[in-house]
Amino acid sequence: MKKVIKYLGFLLIISAFFRLIPITTALIYGETAEPFILTAAISLILGGILIFLGRNNKNKDETLTLTRGLILVATSFIILPTIGAISFLPVMGYNFINALFESISGFTTTGLTMFSTLTDLPKSLIMWRAETQWMGGIGIVMVFLFFLSHLSNHSHSSLTEVEEEAASGNTLYQIQGFKTKLEPGLKKSIRAIISIYLFYTLLGIILLMISGMPLFNAIGMTFTSISTGGFSVSESIYVNNFQMIVLTLLMLIGAISFFDHNQLFHGKIRKFIFSPEKNVHLLLLAGAIIMGLLLLPNLPVTIFTITSAFTTTGYGVVHIPSLPQLFIFLIIIGMIIGGSAGSTAGGMKVFRIAYLAKAGPWFIKKLSSPKHAIIPFKVWDKVIDISTLLNISIFFFTYLLLIILGTIILLIFGNSLFDAVFQVISAIGTAGLQTMDLAAQSAFSKITLMILMLLGRLEIFPLLVLAGSLIRKR
């Protein structure tokens with residue numbers, strides 16, 4: 001486990017440097033930068049201690065296994081938001097539960113918030129809040145892998161150590177939801193992902209500024225839209241149609257797989273256009289928008305709200321409880337489905353829904369065929385291994401079970417069935433749309449939603465592996 005400890009230390013040190021943006025913002029607007037300097041110092045010191053504790057040892061097994069990789073990722077999504085919560089304490093009356101909720105909501109790109117207004121918040125805190133979602137969208141683990149892949153060849157004295165670092169990097173890469181490399185080799189794939197993310201971030205900032213949005217708002221809104229996070233940086237998410245169009249496009253870009261974006265960047269237009277998962281997602285989105293317009297004939301609001309739900313961004317521009325019931329149902333469906341695998345979006349992901357939709361007819365055909373007949377399970381003209389379908393089925397069942405358990409808990413604490421179901425689905429789908437004042441909820445309800453946000457962002461199993469590991473040790 002020393003490699004887990006060492007890598008966690010590196011993640012903390014990397015996270016400290018992300019405080020430069022809110023510190024700079026504080027200096028520009030004449031605000032105190034102490035909360036960010038403090039958390040940066042804590043991250044640096046704690047990171048240094050962990051690296052020292054996880055320094056090279058004589059054990060032969062230095063490769064990061066899948067289980068240890070899951071533990072590392074799950075632990076990082078607990079420790080980083082916990083340290084990040086310190087910055088929220090002063091404006092939240094030093095209520096640690098509320099501060100931790102806001103921080104976890106940011107790092108998991110959920111967007112559920114304790115704040116009823118942003119008017120009196122420091123600009124630096126608003127920027128940090130947006131930046132946590134930008135970090136969560138790309139995944140700070142991916143940033144760490146970028147440095148690891150570029151430095152590993154120069155920091156080791158033996159070929160064995162280089163191979164161990166490469167194997168560990170591949171494990172972490174897969175845990176981030178990237179089952180296929182974008183480019184030949186891990187280093188090039190990671191560089192491509194980060195380059196794509198930075199390109200769209202810069203493009204979003206430029207387009208929003210052209211639309212008339214101030215630089216501060218343009219940066220913050222790009223951070224939270226490309227990451228499909230949903231935190232706003234002002235009371236008005238957009239003030240004209242051009243801004244709405246740009247934000248809608250950024251949400252869609254965030255919900256499309258980095259693999260598809262990479263095809264586009266390499267000029268493989270045909271492959272991008274005919275990408276099946278992307279197209280299924282867009283068809284579902286288009287169908288929901290058409291149905292939504294029949295219920296709410298307000299074109300800008302309907303398009304923006306449905307897109308926000310189906311990309312799990314969670315920008316709220318309407319009072320959800322006042323919407324038609326069928327329109328709310330469309331929002332819920334969107335939050336459950338989510339975007340493409342290998343994107344910044346949450347939810348179950350489109351490919352899992354497609355696999356499950358194909359599984360029923362395939363199973364019926366298999367039952368009605370002779371006993372020894374070979375009936376391959378195909379999705380998008382590809383033969384899928386039955387073990388993959390089993391994994392997806394287990395994920396689907398666990399996902400629904402968590403929704404039921406979360407709903408029961410919120411019902412116990414006095415919430416209506418509608419509010420309980422909606423907020424639980426919004427939390428585990430990392431969507432962030434909300435129907436009630438979360439600051440007024442009980443501490444246990446907040447903790448339940450925090451756990452659901454973490455489970456949704458980590459796609460359930462890393463957190464369960466961490467919990468199982470702790471239970472076994474105890």
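## Close-up views of a predicted model

**View 1. Glu 459 and Lys 349 meet through their side chains in a salt bridge, with N and O 3.0 Å apart.** Welcome to this structure, which is a predicted model. Glu 459 sits in the loop between H20 and H21, while Lys 349 sits in the loop between helix H16 (325-337) and helix H17 (350-367), so their pairing ties together parts that are 110 residues apart in sequence. How exposed or buried are the two partners? Glu 459 counts as partly exposed, because its relative accessibility is 22%. Lys 349, with a relative accessible area of 6%, is buried.

**View 2. Arg 352 also forms a salt bridge with Glu 459, and here the closest N and O atoms are 3.0 Å apart.** Arg 352 belongs to helix H17 and Glu 459 to the loop between H20 and H21, so this pair ties together parts that are 107 residues apart in sequence. Arg 352 counts as buried, at 9% relative accessibility. Through shared partners, the salt bridges join Lys 349, Arg 352 and Glu 459 into one network.

**View 3. A further salt bridge brings together the side chains of Arg 129 and Glu 102, at 2.8 Å from N to O.** Look for Arg 129 in helix H6 (residues 123-138) and for Glu 102 in helix H5 (residues 96-107); the pair therefore ties together parts that are 27 residues apart in sequence. Both Arg 129 and Glu 102 are buried. How many salt bridges does the structure hold? There are three. As a general point, side chains of opposite charge can pair when their charged atoms come close.

**View 4. Ile 460 has a positive phi, near 75°, although this residue is not a glycine.** For background, most residues other than glycine have a negative phi. Ile 460 is found in the loop between H20 and helix H21 (461-473). With a relative accessibility of 1%, Ile 460 counts as buried.

**View 5. Asp 381 is another non-glycine residue with a positive phi, of about 65°.** To find Asp 381, look in the loop between strand E1 (378-379) and strand E2 (382-383). Is Asp 381 buried or exposed? Asp 381 counts as exposed, because its relative accessibility is 78%.

**View 6. Helices H18 and H20 (residues 443-457) pack at an angle of about 165°.** Their axes are 10 Å apart. The angle makes H18 roughly antiparallel to H20, since angles over 145 degrees count that way. H18 passes H20 in a left-handed crossing.

View 7. Which helix gives the most to the patch? That is H18 (residues 386-412), with six residues. Phe 413 lies in the loop between H18 and helix H19 (417-428). With a relative accessible area of 39%, Phe 413 is partly exposed.

**View 8. Arg 55 has its place in the loop between helix H3 (34-53) and helix H4 (66-84).** Arg 55 counts as partly exposed, at 44% relative accessibility. Along the chain, Arg 55 and Pro 184 are 129 residues apart, and their C-alpha atoms are separated by 30 Å.

Methods:
Residues are numbered from 1 along each chain as its sequence is written. This is a predicted model: local features need pLDDT of at least 70, side-chain atom pairs count only at pLDDT 80 or more; totals for chains, interfaces and linings use all residues. Side-chain values use heavy atoms; hydrogens and water are left out. Helices (H or I, at least four residues) and strands (E, at least two) are DSSP runs, numbered from the N terminus. Buried means under 20% relative accessible area, exposed over 50%, partly exposed in between (1.4 Å probe, protein chains only). Axes are lines fitted to C-alpha atoms, for helices over the stretch in contact, and angles run from 0 to 180 degrees between N-to-C directions. Angles under 35 degrees count as roughly parallel, over 145 as roughly antiparallel, 65 to 115 as roughly perpendicular and the rest as oblique. A crossing is left-handed if the near helix is turned anticlockwise from the far one by less than a right angle, and right-handed if clockwise. A salt bridge is a side-chain nitrogen of Lys or Arg within 4 Å of a carboxyl oxygen of Asp or Glu.
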